[in-house]
Amino acid sequence: MHNLPTVVARMWGREPVSRRGPRRGLTLQRITDAAIAIADAEGLAGVRMSSVAAGLGVSTMALYGYVASKDDLLTAMVDAAAPEPPELGDLSWRGYLSAWTRANRDFLASRPWLLQVAPLTPPVGPRTLRWLDRSLTVLTGTGLAAAEAVNITATLSTYAVSAATLVTAMSGTVDEAGGEGLAGYTAMLTQLVDADGYPGLAAALESGAFGVAPEWVEDADFTFGLTLLLDGIEALVARRKEG
């Protein structure tokens with residue numbers, strides 16, 4: 001049997017019993033909670049083994065019995081920071097994947113530091129694997145192959161990351177007049193773009209497609225893209241049933 005990495009074994013409560021025993025009162029959960037608190041307050045750059053240890057009032061070396069490296073710590077943080085996935089309930093596969101993708105986008109946007117590490121960290125913890133499992137489970141019975149369901153999940157996850165990244169980037173955009181978010185970005189583009197060099201973009205700006213048009217109201221931009229993806233999945237499901 002392949003030996004599990006120590007941090008993964010600890011995340012699942014499957015680590016072998018140590019003869020020496022762990023430091024009393026120190027757990028992987030306490031370590032990850034302390035690290036997440038630093039990341040929420042200072043960003044990922046503030047998370048160091050030494051800063052986490054200081055926050056817990058222990059020596060840096062004491063952490064290495066639980067996480068062998070900062071990469072291990074980040075792996076544990078990604079799982080601990082993720083909420084539980086939406087309940088399957090009685091939703092159709094399409095309704096559930098819509099809720100799943102939106103919830104994925106929302107929790108990533110709520111903790112922007114996750115965007116630096118989560119897309120690079122394959123799900124290995126119990127919570128992140130539940131997100132994967134629920135997406136695959138709801139696609140069972142659609143006639144899609146398991147590999148297709150995995151690819152669909154990866155595509156929707158990528159869309160959630162992209163949307164959360166855009167939300168985060170727009171929230172930090174500021175124009176000279178002090179406008180923030182999409183309005184600031186639009187104002188900046190208006191100063192940079194001309195119809196000769198960028199005819200398509202200039203026309204979109206002129207029509208108000210970047211934040212003024214009704215299509216942007218109530219998160220409809222995100223919904224529009226998600227609908228395109230779900231329509232494609234639905235077409236694939238129909239083809240598999242016909243075949």
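The model is predicted, so local features need pLDDT of at least 70 and side-chain atom pairs count only at pLDDT 80 or more, while totals for chains, interfaces and linings use all residues. Residues are numbered from 1 along each chain as its sequence is written, and side-chain values use heavy atoms, with hydrogens and water left out.

## Overall make-up

The protein has 12 helices and 0 strands. Helices (H or I, at least four residues) and strands (E, at least two) are DSSP runs, numbered from the N terminus. Of the 243 residues, 37% count as buried. Here buried means under 20% relative accessible area, exposed means over 50%, and partly exposed lies in between (1.4 Å probe, protein chains only). Among contacts between residues at least 6 apart in sequence, 68% join residues at least 24 apart; a contact means heavy atoms within 4.5 Å.

Arg111 gives one example of parts of the chain that meet. Arg111 is found in the loop between H6 and helix H7 (114-117) and is partly exposed, with a relative accessible area of 23%. Arg111 touches Ile36, Asp40 and Ala81, not counting residues up to four places away in sequence. Ile36 is 75 residues from Arg111 along the chain, yet their C-alpha atoms are separated by 9.5 Å.

## Empty space

Rolling a probe the size of a water molecule over the atoms shows where empty space is left. The search uses a 1 Å grid over the protein atoms alone: a cavity is a set of points where a 1.4 Å probe fits but cannot get out, a pocket is an open set with protein on both sides within 12 Å along at least five of seven lines, and lining residues have an atom within 4 Å of a point. Grid points are joined across faces, edges and corners, and a volume is the space filled by probe spheres set on the points.

The largest pocket holds about 510 Å³ of space. It is lined by 21 residues, of which Asn104, Ala118, Thr121, Pro123 and Ser157 are the closest to its centre. Helix H6 (93-110), helix H8 (126-139) and helix H9 (146-171) each supply at least two residues of this pocket's lining, and H9 gives the most, with 6 residues. The lining divides into 15 nonpolar, 6 polar and no charged residues. In this count, Ala, Val, Leu, Ile, Met, Phe, Trp, Tyr, Cys and Pro are nonpolar, Asp, Glu, Lys and Arg are charged, and the others, Gly among them, are polar.

The whole structure has 1 cavity of 30 Å³ or more. Among the residues that line the largest cavity are Thr75, Val78, Asp79, Thr121 and Thr128. H5 gives the most to this cavity's lining, with 3 residues. The cavity lining comes to 4 nonpolar, 4 polar and 1 charged.

## Charged pairs

Side chains of opposite charge can pair when their charged atoms come close. A salt bridge is a side-chain nitrogen of Lys or Arg within 4 Å of a carboxyl oxygen of Asp or Glu. By this rule the count comes to 8 salt bridges. The table gives some of them.

| Pair | Distance between closest N and O atoms |
|---|---|
| Glu84 and Arg127 | 3.4 Å |
| Arg105 and Asp106 | 2.6 Å |
| Arg240 and Glu148 | 2.4 Å |

Arg240 lies in helix H12 (residues 220-242) and Glu148 in helix H9, so this pair ties together parts that are 92 residues apart in sequence. Arg240 is partly exposed at 37% relative accessible area, whereas Glu148 counts as buried at 17%.

Glu84 forms a salt bridge with Arg127. Glu84 lies in the loop between helix H5 (70-81) and H6 and Arg127 in helix H8, so the pair ties together parts that are 43 residues apart in sequence. Glu84 is partly exposed at 42%, and Arg127 is partly exposed at 28%. Glu84, Arg127 and Arg130 are linked in a network of salt bridges.

Asp79, found in helix H5, is buried yet has no salt bridge. The nearest side chain of opposite charge is that of Arg127, 5.4 Å away; Lys and Arg count as positive and Asp and Glu as negative, while His and the chain ends are not counted. Asp79 touches Met11, Gly125, Pro126, Arg127 and Thr128, not counting residues up to four places away in sequence.
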